[in-house]
Amino acid sequence: MTTSASTTAPIADARALGLAHYAARGVLEHVLARHGATFQQQVALRAAVTADAPRTPNDLVTEVRGSLKADPTDIRATLDELLAKQLLVADGAHLRPTDAGRELIAAVGAETAPITARIWGGIPAEDLTAAGRVLALVAARANAELAALAA
């Protein structure tokens, strides 16, 4: 008797989500290490690079905290590291990415693009759509639970 893929496919759960996250993050961290950058530095720098307008340090802390759920003190230390590496520069009350900061984000993106294509390639669009819906729902519910715990 042949079993169909639908009966043997793993069920998505917190462990499966965590394993996928850490596997993908491990790939990115490997690339970042070659550039002397950390995951949190990359997240903060990307937030500054992709912003429509210059961001204050508080804006960046809020955005990074929303993404990583990291401690604000640690995020501020990360911003200080990016300033020391001259990947960000203070401009009055705002932090702006430098050309070197933009180049780092571009270089990491270029290095990870073929890896990302191999990881995600061949997954049917309907599976990606379903996974996207589930992940958005899980993130919204987890964020609500975290907010309730913090209240």
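## A kink in helix 6

Helix 6 bends by about 35 degrees at Ala113. This kink comes shortly before a proline, Pro114. The model is a predicted one.

Helix 6 runs over residues 99-120 and has 22 residues. From its first C-alpha to its last, helix 6 reaches 30 Å. That is close to the 32 Å expected at 1.5 Å a residue. After helix 6 comes Gly122, with a positive phi near 85 degrees.

## The buried residues of helix 6

Which residues of helix 6 are buried? They are Gly101, Leu104, Ile105, Val108, Thr112 and Ile115. An α-helix has 3.6 residues a turn, so residues three or four places apart point the same way. Keep that rule in mind when reading the numbers in the list.

What covers the buried residues of helix 6? The cover includes helix 2 (14-34) and helix 3 (39-50).

Start with Leu28, which lies in helix 2. Is Leu28 buried or exposed? Its relative accessible area is 18%, so Leu28 counts as buried; the cut-off for buried is under 20%. Leaving out residues up to four places away in sequence, Leu28 touches Phe39, Gln42, Val108 and Thr112. Val108 and Thr112 are themselves among the buried residues of helix 6. Leu28 and Gly122 are 94 residues apart in sequence. In space, their C-alpha atoms are 20 Å apart.

Ala24 is in helix 2 too. Ala24 counts as partly exposed, because its relative accessibility is 42%. Now compare sequence and space. Ala24 and Ile115 are 91 residues apart along the chain. Their C-alpha atoms are separated by 9.8 Å. Ile115 is one of the buried residues of helix 6.

Leu19 also has its place in helix 2. With a relative accessible area of 47%, Leu19 is partly exposed. Leu19 and Arg34 are 15 residues apart along the chain, and 23 Å separates their C-alpha atoms.

## Around helix 5

Helix 5 covers residues 72-84, and Thr73 lies in it. Is Thr73 buried or exposed? Thr73 counts as exposed because its relative accessibility is 58%; the exposed class begins over 50%. Thr73 and Val61 are 12 residues apart in sequence. From C-alpha to C-alpha, the distance between Thr73 and Val61 is 8.9 Å.

The loop between helix 4 (57-68) and helix 5 holds Lys69. The loop between helix 5 and strand 1 (88-91) holds Gln86.

Most residues other than glycine have a negative phi. Lys69 is not a glycine, yet its phi is positive, near 60 degrees. Gln86 is not a glycine either, and its phi is positive at about 60 degrees.

How accessible are these two residues? Lys69 counts as partly exposed, because its relative accessibility is 39%. Gln86 has a relative accessible area of 58%, so Gln86 is exposed.

## The whole protein

How many helices and strands does the protein have? There are seven helices and two strands. Along the sequence, the pattern reads α-α-α-α-α-β-β-α-α. The C-alpha trace spans about 70 × 40 × 25 Å along its principal axes.

The protein has 151 residues, and 22% of them are buried. Next come the contacts between residues at least 6 apart in sequence. Of these, 56% join residues at least 24 apart.

## Surface and charge

The protein exposes about 10000 Å². Carbon and sulfur atoms supply 60% of that area.

What charges does the protein carry? There are 14 positive and 16 negative charges. The mean position of the positive charges and that of the negative charges are 2 Å apart.

Technical notes
Residues numbered from 1 in each chain as written. Predicted model: local features only at pLDDT ≥ 70, side-chain atom pairs only at ≥ 80, totals over all residues. Heavy atoms only, no water. Helix = DSSP H or I, 4+ residues; strand = E, 2+ residues; numbered from the N terminus. Buried < 20%, exposed > 50% of the residue type's maximum accessible area, 1.4 Å probe, protein only. Contact = heavy atoms within 4.5 Å. Areas by Shrake-Rupley, 256 points an atom, 1.4 Å probe, with all protein chains shown as cover. Lys, Arg positive; Asp, Glu negative; His and termini not counted. Charge placed at Lys NZ, Arg CZ, Asp CG, Glu CD. Expected span 1.5 Å × (residues − 1). Bend = angle between axes of the 7 residues up to and from the residue.
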